[in-house]
Amino acid sequence: TNAHTGNILALVEAGGAFSLQLYRDGSWQPVAFPLLDVRPSLTAYGDGFLATLPTKVYKVSSTGGVSELTTLAPSADYPPVTLRDCWADAEGQFYVSTANHGFGTLSNGHFSFLSPQSPAFDMVNSAIALEETIVLLGRPSSVKPATSDFLLYYHDDAFKGNIYLPGLHDAFCALPVDTAQKQYLVCSRTSGVTLFQGAAPQITYDAHNSALRANASGHVAVYGGTVSADGRWWLYNPIGSEPTGQGPLVTRSPEGEWTRLPWPLFSAEQSPSMAIDRNGFLWLGNRLESRVCVLDPMRYISSRGSEGYRSYDTYTVPFFHSQEVSALAFDKNNMLLIGGSSGLATNPNRANPLEGDALLYSTPFLQSPRRTDEMAFILGEAPIEKILVDHGNNLWLVGLHVGLAHFVQSPTALHQYFRFDQSPIPSPTVNALALTNSSGWLVVATDR
C-alpha cells in the first residue's frame, strides 16, 4: 500500500507465473508487467512502487506505468549480487538487501556495501543496542541451514564487521549486560553463555564453571534470560528432571556467585518471557500458562525458591482471556505490559507487587467501548510475541508471523499508527527489536 495515494499494488500468482494488479480509484487494473517465474518484492516509492527482481529494479507509477529503474551491473570486486528488496529514502538514495552480500546501497546499477563490512545474514535471530552500538546475531548466508555455526555482526564508530563464532553453536539470543562498557551475553542452545565486550568474546560459562547444567544430550542449553540494573543475570537452563530445591532458573550475582533455583510457574518451556520492573522485581511468563509470576529476587534466592513470589491470573482479565503469555515489558511509567494470544493486558505500577490485590487489567485501549470484533481487527488474532517501548513511551508490537504494529499511548487510550496488516516490514516474521539510546534508531531483526 502507498500511504500517500492509498493505491495498492498486488502480486498475483497463476499457474506458477506472477503478474501485478494495481488498485486505484476504486477498482483493480492489470499492470503492463511481463509474466515472471520469480516472485518480485514490492515496496512503496514516492507516489508509486518499486518491484525488485534478482538483478533489476522496476518503478510502477501511480497510474500503472512501468519503467526499468536500474539493472545490476557486474563487479570484479565480489561475486554476483542477488537482490531481495529495495527501498528509497527522501533524498532518493536506494538501499537494497541481498541474498548473498547483506545490506548495501544501489546507485546507477552499482552495488556498494553500506559499511566496510555489512551483515552477511540469511536470517537475524537477535538484535540488541548498547547505547549507540548495534549487535546482530544470526546464521551466515554462506552456510547451509543444516549447520549450526553462527555469526555476530558488531556495528559502532570504531568497528563495523562480521565475527564468525565457530566454537559457539546454535547461538540465537543476545542480552545486554553493561551498555556503557559494551558488555553483553550470547546464549546458545548447546554451549552455555559467552560474555562479550565489544567485538571480542571474554569467557564462556557452561557446566564446568557455573551453575548451568547439561541436558540428557550433553548440551548446555540456555533459552534466553534478562539482566537487572545491578548486573545480576537471570538465565533459563532446562535439563529435564531436577534435584529437589533446584530448577531451570539460574542466576549469577555481580560478584560472580551462581545459584540454581526452582521455576515458580507450574509449567516451563524453551523460551519463557522475562522482564524486570523499575523496583527490581523479576516477572516471568510462558506460553503454556495463563498466568504471570513476580519474584522478589533476594527473598527468592535466600529461601531457595520457597517464598518471595506470587502469581497473577491472566485468563480473568476482561477482553484479554489469554491462555498464554508470550511477551512481557514495562513502559516508562513502570506499568507491566503483557502480550498474549488475545491482545494486551497490564498490571499497574505498585511499589511491591507481592502485596495488594492479584488482579490484572485491560489496557485503556481495550477498556474502550469498541466491540471485540473491532478490537480483533485492529490488534489481529495472532499472539503478541514481542513488545518494545520507545523513548516516547509508545509501543511497537510484534505479532506471530504477522509483522510489526505501532501504537501511540495517551493517558486514556492507545491509538494506532499502523496495524499488523499494514506492517512496513518486508517479512512477516520478526525475531527481535532493539532501540538505540540517543539517536532512537529502531532495529528490526527478521528472517530475511
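Tutor: Helices (H or I, at least four residues) and strands (E, at least two) are DSSP runs, numbered from the N terminus, and by that rule the chain has two helices and 37 strands. This is a predicted model, in which local features need pLDDT of at least 70, side-chain atom pairs count only at pLDDT 80 or more, and totals for chains, interfaces and linings use all residues. Residues are numbered from 1 along each chain as its sequence is written, while side-chain values use heavy atoms, with hydrogens and water left out.

Student: Why is Asn-237 called buried?

Tutor: Buried means under 20% relative accessible area, exposed over 50%, and partly exposed in between (1.4 Å probe, protein chains only); Asn-237 has 0%, and therefore counts as buried. Asn-237 sits in the loop between strand E21 (233-236) and strand E22 (249-252), and of the 448 residues of the chain, 50% count as buried.

Student: What makes the pair of Asn-237 and the backbone nitrogen of Arg-213 a polar contact?

Tutor: A polar contact is a pair of N or O atoms within 3.5 Å; within protein, one must be able to donate a hydrogen and the other to accept it, and residues adjacent in sequence count only if both atoms are side-chain atoms. A polar atom of the Asn-237 side chain lies 2.8 Å from the backbone nitrogen of Arg-213, so the distance falls within 3.5 Å.

Student: How do you know that strand E6 pairs with E7?

Tutor: Two strands pair if DSSP finds at least two bridges between them; five bridges join strand E6 (residues 56-60) to E7, and therefore the two antiparallel strands pair.
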